[in-house]
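Hi,

Here is the structure I promised to pass on to you. Have a look at it first, and then read on for my notes.

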Amino acid sequence: MVQAKTCCSELSDYCPTVLIVQVVVRHRILRTLCLLWFYVLEVVDIISSIEFDRTGDHLATGDRGGRVVLFERTYTRDHDGNRRDLEKMDFPITRHPEFRYKTEFQSHEPEFDYLKSLEIEEKINKIRWCQSANGALFLLSTNDKTIKFWKVHEKKVKKICDMNVDPAKAAGNGPVVGPSIPTSYKPYTANGGCLDKPLGVSNDFSFPPGGVPSLRLPVVLTGNEMSLVPRCRRIYAHAHDYHINSISNNSDGETFISADDLRINLWNLEISNQSFNIVDVKPANMEDLTEVITSAEFHPTHCHMLAYSSSRGSIRLVDMRQSALCDSHSKLFEEQEVPGSRSFFTEIIASISDIKFAKDGRYILSRDYMTLKLWDINMDSGPVSTFQVHEYLRPKLCDLYENDSIFDKFECCLSGDGLRVATGSYSNLFRVFGCSSEGSTDATTLEASKNPMRYI
């Protein structure tokens, strides 16, 4: 082996072809490493969750790297003209809202469950804003297993200045030697005893009158400069056997829910070591499992009501005043299947990936793979409106099934006035529908790009 290695090294010294091959191989290895590194950077920077607060002035994003980034809305002047010129304009001046970077922090780290031999990635699944207090921002963030309660507040920066150590008499990191301290200084214990002396021997060392002139205390100054400080106040863990897909704040400001595939738990924000299971759809035999929970949301005004969706396309409205375990729903919302329209993909595309309550709590918006549906909580016979998101994909469902794209999840939202609904699609596109006309297929299609008003 040594001889062969020597021959190869000698051959590379005299054969230009071997040298070229070595350079090419090294170049390819380096290129592969660079591509892998850039791929890792791109993966961790992908945004996995986004949420506005109630006022619309703050925006939080979570990425696959476990980071939470906060943005703040900026109010800038639309025009720089004088007041007299602006008064002559007979139309309102509008400007697209802009958000500037506020702060960021590492919310979750990768973990490993040794009992289940399971890696828990740091990707942020959901972010929810809580009620602010005393100028501080509060929010919940979760990955697959752990929920964290964060407080972000401003704090005055403290600086230590006037380090009152005489630099001319300071010897590196050692003790400060002054004219009143002998060079044969020995360490003393907290009660005044000398470490180099046996017990019982008195300590005759005494400070000179006026103290040590070369040893002074530092000064801590608090200036007007402010710094944003994120602090994790609570960690809610070890309550879910399956991946968390939803968290939702209650209108009482004290509790929230977290949901996985089979259970919904109720938490108190101030108690992190205890939760109450309020919905459990896990059967005694897992072979009898027919549906899973896909999303859960609290009612915006009634603290005793919540809704959750399932993979079979149904939405259940739950009243927590009826019983402690809310397995029996108060209302069930599902669309009746049209006779003769059933196919192999019917149940797959009927799975609801997200639900949202309207601001007044009267309507529920649901998103399945192909459509948006608007439901009235007072009418459980069927949706009020159905919006086709990407109907052109219906003939391609077989291809989407083969490459698993048919299982992609999309979120949805309603505007504050309840007149518009929006959801995402493919190719960086999202669609906005008006709720004024029933069953309308007309929509505004926008592209997520640097130009915020780019219509497609």
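A search of the whole structure turns up 1 cavity of 30 Å³ or more. A cavity here is a set of points, on a 1 Å grid over the protein atoms alone, where a 1.4 Å probe fits but cannot get out. Volume is the space filled by probe spheres set on the points, with grid points joined across faces, edges and corners.

Before the details, please note that this is a predicted model, in which local features need pLDDT of at least 70 and side-chain atom pairs count only at pLDDT 80 or more, while totals for chains, interfaces and linings use all residues. Residues are numbered from 1 along each chain as its sequence is written, and side-chain values use heavy atoms, with hydrogens and water left out.

**Overall**

The protein has 5 helices and 26 strands; these are DSSP runs numbered from the N terminus, helices being H or I with at least four residues and strands E with at least two. Of its 456 residues, 35% are buried, where buried means under 20% relative accessible area, exposed over 50%, and partly exposed in between (1.4 Å probe, protein chains only). Among contacts between residues at least 6 apart in sequence, 51% join residues at least 24 apart; a contact means heavy atoms within 4.5 Å.

**The cavity and a pocket**

The largest cavity has a volume of about 30 Å³. Its lining consists of Lys126, Arg128, Ser246, Ile247, Ser295, Ala296, Glu297, Asp354 and Ile355, a lining residue being one with an atom within 4 Å of a point. Two or more of these residues come from each of β7 (126-129), β11, β15 and β19 (354-357), and β15 provides the largest share, 3 residues. By class, the lining has 3 nonpolar, 2 polar and 4 charged residues. In this scheme Ala, Val, Leu, Ile, Met, Phe, Trp, Tyr, Cys and Pro are nonpolar, Asp, Glu, Lys and Arg are charged, and the others, Gly among them, are polar.

A pocket is an open set of points with protein on both sides within 12 Å along at least five of seven lines. This one is lined by 30 residues, and Glu335, Gln336, Glu337, Thr346 and Ala350 lie nearest its centre. At least two lining residues come from each of α4 (346-350), β21 (371-376) and β22 (385-388), with α4 giving the most, 4 residues. The lining divides into 8 nonpolar, 10 polar and 12 charged residues.

**Cores**

The largest nonpolar core has 14 residues, and Ile257, Ile264, Ile278, Val279, Leu306, Tyr308 and Met320 have the most contacts inside it. Such a core is a set of buried Ala, Val, Leu, Ile, Met, Phe, Trp, Tyr and Cys residues joined through side-chain atoms within 4.5 Å. Strands β12 (255-259), β13 (263-268), β14 (271-280), β15 (293-298) and β16 (305-310) each supply at least two of its residues, and β15 gives the most, with 3. A second, separate core of 12 residues includes Cys130, Phe138, Tyr236 and Ile244.

Leaving aside neighbours within four places in sequence, Val279 touches Leu262, Arg263, Ile264, Ile293, Tyr308, Leu325, Cys326 and Asp327.

**Around β16**

How many of the residues of β16 are buried? The count is 6 of 6. Met305, Ala307 and Ser309 are buried on one side, and Leu306, Tyr308 and Ser310 on the other.

β16 runs antiparallel to β15, with 5 bridges joining the two; strands pair if DSSP finds at least two bridges between them. Ser309 is the bridge partner of Ser295, and a hairpin joins β15 to β16 through 6 residues. β16 also pairs in the antiparallel sense with β17 (residues 315-319) over 5 bridges, where Leu306 has Val318 as its bridge partner. These two strands form a hairpin with 4 residues between them, and Gly313 in the turn has a positive phi of about 85°.

**Two backbone angles to check**

Most residues other than glycine have a negative phi. Ser117, in the loop between β5 (111-113) and β6 (118-120), has a positive phi near 50°. His238 has a positive phi of about 60° and lies in the loop between β10 (219-236) and β11 (246-249). Are these residues buried or exposed? Ser117 is exposed, at 56% relative accessible area, and His238 is exposed too, at 82%.

Best wishes
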